[in-house]
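Colleague: I am new to this structure and would like to learn how to read a few of its features. Could we go through them together?

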Amino acid sequence: MRRWLADAETVLANHSDRLNAINIFPVADGDTGTNLYHTVRAAASAAAETPGTDVGEVLAAAGQAAMEEAWGNSGTLLAVFLDAVAATLRGHTRVNGPLLAAALHRAQIRAWSALSEPVAGTMLSVLEAAADGAASPRAVHPGTGDGGPDSNQALAAALDAAVQAAVGAVVDTESQLGVLTTARVVDAGGVGLLLVLSALRTAVLGEGLSDDVLDGLHGYRVDDPHIHADQPHAVGVELMCTVTLSPLHAAGLRQRLDEIGDSVIMSPVGAFDDGAGVCRWRVHVHVADPDAALALIRSLAEPEKISFTELHAEPPAGEHAAEGGTVGR
């Protein structure tokens, strides 16, 4: 797990510019690569500092750190993915093929449910394809003499099938969203998740994606133009914060945020407090009036870790620019 997240940090650092260049959905603000990199960097740091051999515990610390420090839509969904995978692996000191398939399936459900309006042709579709691939018959039964589902061969088969399915899903994103079809480009968040899954394969098997696979994705070659620069500027502000609410009040907040904004993501951070009946929630929304949205949130609970980000601004170097330039409060 530690090696996986360290590898993911490296590969996202190397690919952040290309991911930014093709980032046109849900808004063309050119920062998906930046957001994913900074989110996984928080996860990798937390994993490196977490002792023990329980892979779920190590990844849970990484997932919670990613959730607290997530940047943008893509970073928030990556944090949800890590947290869900951790929940499946908790109590285990080794990952096998069936565990990987179960973890990806759980992450798929969590990611789709975190969004108020999930859309196919995005990271969600790539995660769904990876989960289906890891659970496919050829992954579960890679061949005679495979040593059973707990064998290294079965894990390798599940990883291969998950990454191969993810590649196909990334290619398909271009035809699933009209804005991507028009621009002739694949989804940036989908490619980012593919790179994270490939980093897991690299950490376990020592084999990553070939340059030919990545160069074959429309719009992703180094010499391709920055497609996002030619898109209409987004209008509005991204608001992110953390709140402590009961599930019922959280559901009410999500509904009210849906009424005044879009790209609403709400996901629990850490464990549910049975005694108090509450949970910490990470909130993400795009709104035209961030002050009104913040006032709405404050009518239910006092938010923490608040950030406002102009959707159309270019991110300043060295600053938290989750969807453009950030104004923290």
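Modeller: Gladly. Let us begin with polar contacts: a polar contact is a pair of N or O atoms within 3.5 Å; within protein, one must be able to donate a hydrogen and the other to accept it, and residues adjacent in sequence count only if both atoms are side-chain atoms. Helices (H or I, at least four residues) and strands (E, at least two) are DSSP runs, numbered from the N terminus. This is a predicted model, where local features need pLDDT of at least 70, side-chain atom pairs count only at pLDDT 80 or more, and totals for chains, interfaces and linings use all residues. Residues are numbered from 1 along each chain as its sequence is written, and side-chain values use heavy atoms, with hydrogens and water left out.

Colleague: Which residue caps the N-terminal end of α13?

Modeller: Asp289 does, with a side-chain oxygen 3.2 Å from the backbone nitrogen of Asp291.

Colleague: Which residues of helix α13 are buried?

Modeller: Buried means under 20% relative accessible area, exposed over 50%, and partly exposed in between (1.4 Å probe, protein chains only). In α13, residues 290–298, the buried ones are Pro290, Ala293, Leu294, Leu296 and Ile297. They lie on the same side of α13 because their arc around the axis is only 155 degrees, taken from the directions from the helix axis to the C-beta atoms. Their cover includes β1 (237–245), α12 (247–260), β3 (278–287) and β4 (304–310), where contact means heavy atoms within 4.5 Å.

Colleague: How does one look for empty space inside?

Modeller: Rolling a probe the size of a water molecule over the atoms shows where empty space is left. On a 1 Å grid over the protein atoms alone, a cavity is a set of points where a 1.4 Å probe fits but cannot get out, and lining residues have an atom within 4 Å of a point. Grid points are joined across faces, edges and corners, and a volume is the space filled by probe spheres set on the points.

Colleague: How many cavities of 30 Å³ or more are there?

Modeller: There are 2. The largest holds about 50 Å³, and its lining consists of Leu77, Leu78, Phe81, Ala111, Met123, Leu124, Leu127 and Leu193. Two or more of these residues come from each of α4 (72–89) and α6 (123–134).

Colleague: What lines the second largest cavity?

Modeller: Leu100, Leu104, Leu159, Ala162, Val163, Leu197 and Leu200 line this cavity, whose volume is about 30 Å³. Helix α8 gives the largest share of the lining, 3 residues.

Technical notes
On a 1 Å grid over the protein atoms alone, a cavity is a set of points where a 1.4 Å probe fits but cannot get out, and a pocket is an open set with protein on both sides within 12 Å along at least five of seven lines; lining residues have an atom within 4 Å of a point.
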